[in-house]
Amino acid sequence: MKQLNIYEEMAKKRDEMSKTQKKIADYILEHQVAVSFYTVGKLAKEANVSEASVVRFANFLGYDGYSSLQKQMQEKTQDQMDTSHRLALSYSAYNGRDQGVSQVFYDDVRNLTDTLHELDLEMFFKIVEELTNAHRIFIVASRSSMGLGIFFQYYLKLSVEQVYLIEDFQNNEHLINSLNEKDFVFAISFKRYTKRTVNILQYMAKKGCKVACLTDFLSSPLIPYSDYYLLAKAQMSTYLDSFVAPQAIIDALLMAIGKEKNKELEEHFLDMKEIWTDLDVFV
């Protein structure tokens with residue numbers, strides 16, 4: 001039997017709703033993409049009901065609050081949006097000068113909170129162990145995720161001698177072909193997932209090494225090729241993805257690895273101290 005999505009469920013239950021609940025449901029069904037990123041206050045204002053009515057509406061549908069309902073709406077509508085749709089959405093979701101700025105911060109706080117709440121610590125520390133013990137580490141990232149990859153590579157190289165950042169097959173054929181069971185691959189990608197990253201990861205997974213990914217949903221195309229995964233929320237109702245939560249995951253990984261490789265880090269900084277002084281690196 002087909003499982004109803006949130007909007008189909010809402011429409012099916014409409015006859016059971018109070019007059020106020022029908023107003024909310026009708027507004028949501030008519031503005032699905034935009035509403036999925038509204039705060040409870042904005043939805044209440046647009047539907048001309050109270051905020052308490054919106055919360056009770058979420059409870060009526062079986063959710064413990066508006067945030068849980070909103071999460072389901074976002075997961076459904078996110079699949080329908082390309083970059084131009086998300087840009088258009090931002091004009092309504094982040095309207096008002098001061099309110100728009102504040103809403104970006106609120107969205108990132110929510111992304112961080114949801115990511116921490118859903119973090120699989122057992123999986124996290126398995127990845128830390130693999131990263132700590134790997135002979136070589138290969139970070140696979142491209143396009144907007146490259147920034148995360150560059151940051152991760154920079155700090156990993158302080159304690160791991162061989163860390164490579166792979167963006168595509170070109171000029172990396174020899175490295176990729178040399179992968180073996182002593183190596184570890186860490187791939188990064190979020191909606192809309194880069195085909196280049198998926199193809200590289202698919203090939204690397206055949207080489208016998210362990211693979212982990214940092215992505216946003218279990219439906220991510222990186223998951224089938226990964227032995228381990230970490231999920232981070234990157235949702236923002238505009239043309240860009242928010243990498244605040246993924247960055248926090250990487251920060252936490254580096255912190256944990258640093259504890260395991262404390263001796264190597266101390267030796268590195270002692271070796272570099274004289275060079276930094278001679279080259280006048282820092283102000």
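Guide: The following conversation sets values against definitions.

Guide: This is a predicted model, in which local features need pLDDT of at least 70 and side-chain atom pairs count only at pLDDT 80 or more, while totals for chains, interfaces and linings use all residues. Residues are numbered from 1 along each chain as its sequence is written, and side-chain values use heavy atoms, with hydrogens and water left out.

Visitor: Why are α10 and α13 called roughly parallel?

Guide: Helices (H or I, at least four residues) and strands (E, at least two) are DSSP runs, numbered from the N terminus. Axes are lines fitted to C-alpha atoms, for helices over the stretch in contact, and angles run from 0 to 180 degrees between N-to-C directions. Angles under 35 degrees count as roughly parallel, over 145 as roughly antiparallel, 65 to 115 as roughly perpendicular and the rest as oblique. The axes of α10 (residues 146-156) and α13 (residues 244-260) cross at roughly 10° and come within 11 Å; the two helices are therefore roughly parallel. Their contact (heavy atoms within 4.5 Å) includes Phe 151 of α10 and Ile 250 of α13.

Visitor: What makes α4 and α5 roughly perpendicular?

Guide: Helix α4 (residues 40-47) and helix α5 (residues 51-60) pack at about 105°, with axes 8 Å apart. The pair is therefore roughly perpendicular. Among the residues in contact are Leu 43 of α4 and Val 54 of α5.

Visitor: How do you know that β1 and β2 pair?

Guide: Two strands pair if DSSP finds at least two bridges between them. Strands β1 (residues 137-140) and β2 (residues 163-166) have four bridges, in the parallel sense, and Ile 139 has Leu 165 of β2 as its bridge partner.

Visitor: What is the order of strands in the open sheet?

Guide: The five strands follow the order β2-β1-β3-β4-β5, with parallel pairing.
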